[in-house]
Amino acid sequence: MVKTNPDAHTASVGPLGAVRVLDLTGTMSGPFCTLLLAQMGAQVDKIEPPRGDVVRHLTASKTAGMSSIFLALNAGKRSIVLDFSTEEDRDLLRARLPDYDVVVHNMRPQAAGRLGLTEDDFAAAGSSALLCELVGFGPGPYEAMPAYDDTIQAMSGLAWVQGNGDEPSYVRTAIADKTSGMYAALAICAALAARAMGDGPKSVKIPMFETMAAFTTAEQMGGLTYDPPAGPALYPRTASPHRRPFSTDDGYISLMLYTDKHWESFLRHIDRADLVEDPQFSSIAGRTANIDEIYSFVAKELLKQSTGHWLKVLDEIDVPHAPVKSIEDLLEDPHLSAVGLIQTAVHPSEGTVRTFRAPFLFDGLRPTDLSPAPTLGQDTEPFKGRTQTSEEFKGNFSVRNST
C-alpha cells in the first residue's frame, strides 16, 4: 500500500470552522452535503434513529452498522440517537435548535412539519438557524412524492440521456444524490455569506428533481433550446455510441482529441497529414457533425499499438490522454499519494480504514483531517445532558491516528 504524505499541503482550519450544523439527514444526498460542510470546517451533529441511518447497513462491514459507504459519507460528525416517536426526544430536538447555525434535513415536507422543522417553528423555538431542506420535489404536483437517486435519474431525463434516447440506463454512481448534496452545500455557503453581510435568507430548499433536470439539460437540450425547435435534443459528441475508452492492442486508453491543434498533432504523427485540411477533421464543427466516423477512425488507429506506446507518444505531442484506472489503482496512484489525498486512520471499531481527504485547498492548504465516522449514538449522552462549548465540541474532532 502506498503511504500517504501527511505533510502535503499542510492542513488549515476550514473557512466554516465557527459554524455548527445539525444534520437530520439520511441515505446519501443530505449526508454528502454535510460531509462537504464538515470538510470545510463545520462542526456537524448527526441525528439518527435508534436503528441508525439506513446507509449503515447497505454494504458488508467488519462491524454491524458500519458499512463502507457510511464511513465515507459521515466522517467528522458526531452521532446522536433520538427516537422521534417519543415526545421527550421531539421536545429535546426543539430545545436544541437555538444552539445551531444551520439545520439540514432531507425529509418530505409532511414529516418535517410534524417535527417542527419549519421557519415558523424555528422562530417559536428562538432559533435563527438557517434551514436547509433537501427534498425530492419543490412546491407543485409532485411535492409529496418520495424520491431516490434512481427515480430522480429516471424523471430528470438523465437515464434517457444515458441511453441515448433508446434503452434508458442509470449512471453507475449515486449522481442525483451527490449532485443535489453539492447544490445544497453551495446554497448553504451562499446563504451564510449573505447573512454575514447583514441580509440573508432564513431557509434554502434544494429539490432533487428540479436540480437534476437543470444539471442534465445544460449541454443536452440541443435543438430544443429554440422555439420552435431547430433540431432534436442531445449533444452529438456525448451521444455517440463510440464515445468510450479506446481499445489498444493490449488494453484501454482515454484520448481527447478536442482542439484543431490536437487533431493536427495526432494526424501528423500517424502520417495522415493529408487529412489536416479535410473538412471532417479541420474544425470542431466538422468533427462534431461526423462524430461517429471520427471516433471509428481513431479507434482503428489506436488498436495498432500498445497502451504504453500511446501514453508515451501522446505525452510527447501534448494531446490530452489518460490511462483507464480502477478503484484499486487509485490507492497506488503516484499523484494522489504525493498530494496526500488518501488518508489511513485507525477507527475505534473498524481498525485501519482508508478515506479520501477534502480535495479542495484554501490559500493553498487543505482543511484539517476529519475524525473517523462515528459509531451509532456515541455522542448521545453529551447531547442530551447539556450543550457543549465550542472548544469542547472541537475537541471531539481530532483524527485518532493518521499515517
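Modeller: Domain bounds here come from an automatic or database domain assignment. The structure itself is a predicted model.

Biologist: Into which domains is the chain divided?

Modeller: There are two entries: domain 1 covers 20-216 + 360-385, and domain 2 covers 246-323.

Biologist: And how far apart do the C-alpha centres of domain 1 and domain 2 lie?

Modeller: Those centres are separated by 43 Å. For the chain as a whole, the C-alpha trace spans about 80 × 55 × 45 Å along its principal axes.

Biologist: How many helices and strands are there?

Modeller: The chain has 19 helices and 11 strands. Of its 403 residues, 43% count as buried. Taking contacts between residues at least 6 apart in sequence, 70% join residues at least 24 apart.

Biologist: Turning to the cysteines, how many disulfides does a search of the whole structure find?

Modeller: The search finds zero disulfides.

Biologist: What is the relative accessible area of cysteine 132, and what is the relative accessibility of cysteine 189?

Modeller: Cysteine 132 has a relative accessible area of 0% and is buried. Cysteine 189 is partly exposed, at 24% relative accessibility.

Biologist: Now the charged pairs. How many salt bridges are found in the whole structure?

Modeller: The count is 15 salt bridges.

Biologist: Which residue does arginine 94 form a salt bridge with?

Modeller: Its partner is aspartate 91, with the closest N and O atoms 2.7 Å apart. Both residues belong to helix α3 (residues 87-96), and because they are three residues apart there, about one helical turn separates them. Arginine 94 is partly exposed at 30% relative accessibility, and aspartate 91 is partly exposed at 36%.

Biologist: What about glutamate 133 and lysine 205: how do their side chains meet?

Modeller: They meet in a salt bridge, at 4.0 Å from N to O. Glutamate 133 sits in strand β5 (residues 130-135) and lysine 205 in strand β6 (residues 203-207), so this pair ties together parts that are 72 residues apart in sequence.

Biologist: Is glutamate 133 buried or exposed?

Modeller: Glutamate 133 counts as buried, with 14% relative accessibility. Lysine 205 is partly exposed, with a relative accessible area of 35%.

Biologist: Which parts of the chain hold arginine 287 and aspartate 260?

Modeller: The side chains of these two residues form a salt bridge, 3.0 Å from N to O. The pair links distant parts of the chain, 27 residues apart: arginine 287 is in helix α13 (residues 284-289) and aspartate 260 is in helix α11 (residues 260-269). Arginine 287 is buried, with a relative accessible area of 4%, whereas aspartate 260 is partly exposed at 43%.

Biologist: Which residues do salt bridges with shared partners join into one network?

Modeller: That network consists of Arg357, Arg366 and Asp369.

Biologist: Moving to the sheet of three strands, what is its order?

Modeller: The order is β7-β8-β9, in an open sheet with antiparallel pairing. β7 (246-247) and β9 (321-323) are at the edges with a single partner strand each, so each has one side left without a neighbour in the sheet.

Biologist: How many bridges pair β7 with strand β8?

Modeller: Two bridges pair β7 with β8 (residues 252-255), in the antiparallel sense. Serine 247 has tyrosine 252 in β8 as its bridge partner.

Biologist: Which strands does helix α15 lie across?

Modeller: Helix α15 (residues 307-316) lies across β8 and β9, and runs at about 20 degrees to β8.

Biologist: Last topic: where is serine 180 found?

Modeller: Serine 180 is in helix α8 (residues 175-196). This serine counts as buried, at 0% relative accessibility.

Biologist: What does serine 180 touch, not counting residues up to four places away in sequence?

Modeller: With those residues left out, serine 180 touches Leu134, Ile206, Met208, Thr211 and Met212.

Technical notes:
Residues numbered from 1 in each chain as written. Heavy atoms only, no water. Disulfide = S-S within 2.5 Å. Buried < 20%, exposed > 50% of the residue type's maximum accessible area, 1.4 Å probe, protein only. Helix = DSSP H or I, 4+ residues; strand = E, 2+ residues; numbered from the N terminus. Pairing = 2+ DSSP bridges. Contact = heavy atoms within 4.5 Å. Axes fitted to C-alpha atoms, helices over the stretch in contact; angles between N-to-C directions.
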